[in-house]
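This briefing is intended for a reader who is new to the structure shown below. The points are grouped by topic.

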Amino acid sequence: MAFEAQERAPAKLNLFLDVLGRRSDGFHDLETLFVSLDLADDLHVRVSGGGSALTLDVVGNDTLAAGEENLVLKAWRLATEDLPRRASAAFQLVKRIPVGAGLGGGSSDAAAALRLARTWRGETDRPLHELALALGSDVPFLLEGGAAIGRGRGEALTRLAPPPALEVVLCLQPYGCSTRAVFAEVVRGLRRPAPGTLTRAIQALEAGDAATLRTVHHNSLALPAMRATPRLLRAASAIERRLGRAPCLSGSGSTLYDIPDPGTAEAVVEALAGLPGTRRIVRMRAPGDGAHRA
Ligand code: C5P
């Protein structure tokens, strides 16, 4: 009998990201503050017995590669390769999270595929953390989403209480950033935050204090991202001129964002009218009730 199921794959935002140093395995140790957003892809699967074909149909993004290397198919293979039974899986991915934007879209799709595989296997207690990390540094957080501190590569998680549904204005750029290329620029130097900044950011998040959250925002990858992609620096400068405050950066870019005071998100969007790219108001909350449990 065929099995069908669907999972939401919410985007993430980094409210704080400090790069602590390079490790012997080539990755960097981080300290980051993640929150989920109510901007999500949808991943649907239909599994049928016989054959072992894996297919992926992407809706809403013409440029995204739907082949073997797509993280959805990689995640499914990883989560089912130990099974003796053969099955074909046909995925449909409705893409709303921009690609290469530092919003964790591909990673969240992979996390959703792992959850689907677990549901299909009927093993609700099966831990997915290790498989998730094998797929990418942000995938473990995206298994559950919500709000969390990430250490190590981002996978050593301390979960926080669900955050208040603060609004965020995403400034989506008409180009993406390569995470690998941005980390490669880290050797040329980093800015580090003042001690205690992460604690202040967590307190501001818990209090729903938009003004403090944007003033304590730090992202060590901002300079490397702007060296790797100079037009990101021009975009950030243009936003700062319009708003009178510097935008924040999510992950390794390219998404710049502002955390407006309550009730002012539309005015912020208007103030940014005419700049390249698009603006989008979202909330710090996963779609639905905010809970997409792993
Ligand atoms: O883990 P993920 O696939 O997202 O990482 C993409 C690239 O970003 C890695 O190959 C590595 O170059 C860099 N990276 C890093 N340290 C991290 C996360 C990513 O150096 N903590």
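This is a predicted model: local features need pLDDT of at least 70, side-chain atom pairs count only at pLDDT 80 or more; totals for chains, interfaces and linings use all residues.

## Ligand surroundings and sheet

- The side chain of histidine 28 has an N or O atom 2.7 Å from an oxygen atom of the ligand.
- Serine 137 likewise places a side-chain N or O atom 2.6 Å from an oxygen atom of the ligand.
- Arginine 153 takes part through its backbone, where an N or O atom lies 3.3 Å from a nitrogen atom of the ligand.
- Of the 450 Å² of accessible area that the ligand has on its own, the protein covers 79%.

**The four-stranded sheet**

- In general, the strands of a sheet are paired through hydrogen bonds of the backbone, in either a parallel or an antiparallel manner.
- Here, four strands make up an open sheet with antiparallel pairing, in the order S9-S10-S7-S11.
- Strand S9 (248-249) and strand S11 (278-283) are at the edges; each has a single partner strand, and therefore one side of each lacks a neighbour in the sheet.
- Strand S7 (residues 167-172) and S11 run antiparallel and are joined by six bridges.
- Glutamate 167 has arginine 283 in S11 as its bridge partner.

**The helix packed on the sheet**

- Helix H9 (residues 230-243) packs on the sheet and touches S7, S9 and strand S10 (256-258).
- The direction of helix H9 makes about 15° with that of S10.

Conventions
Residues are numbered from 1 along each chain as its sequence is written. Side-chain values use heavy atoms; hydrogens and water are left out. Two strands pair if DSSP finds at least two bridges between them. Helices (H or I, at least four residues) and strands (E, at least two) are DSSP runs, numbered from the N terminus. Contact means heavy atoms within 4.5 Å. Axes are lines fitted to C-alpha atoms, for helices over the stretch in contact, and angles run from 0 to 180 degrees between N-to-C directions. A polar contact is a pair of N or O atoms within 3.5 Å; within protein, one must be able to donate a hydrogen and the other to accept it, and residues adjacent in sequence count only if both atoms are side-chain atoms. Accessible areas come from the Shrake-Rupley method with a 1.4 Å probe; for residues, only the protein chains shown count as cover.
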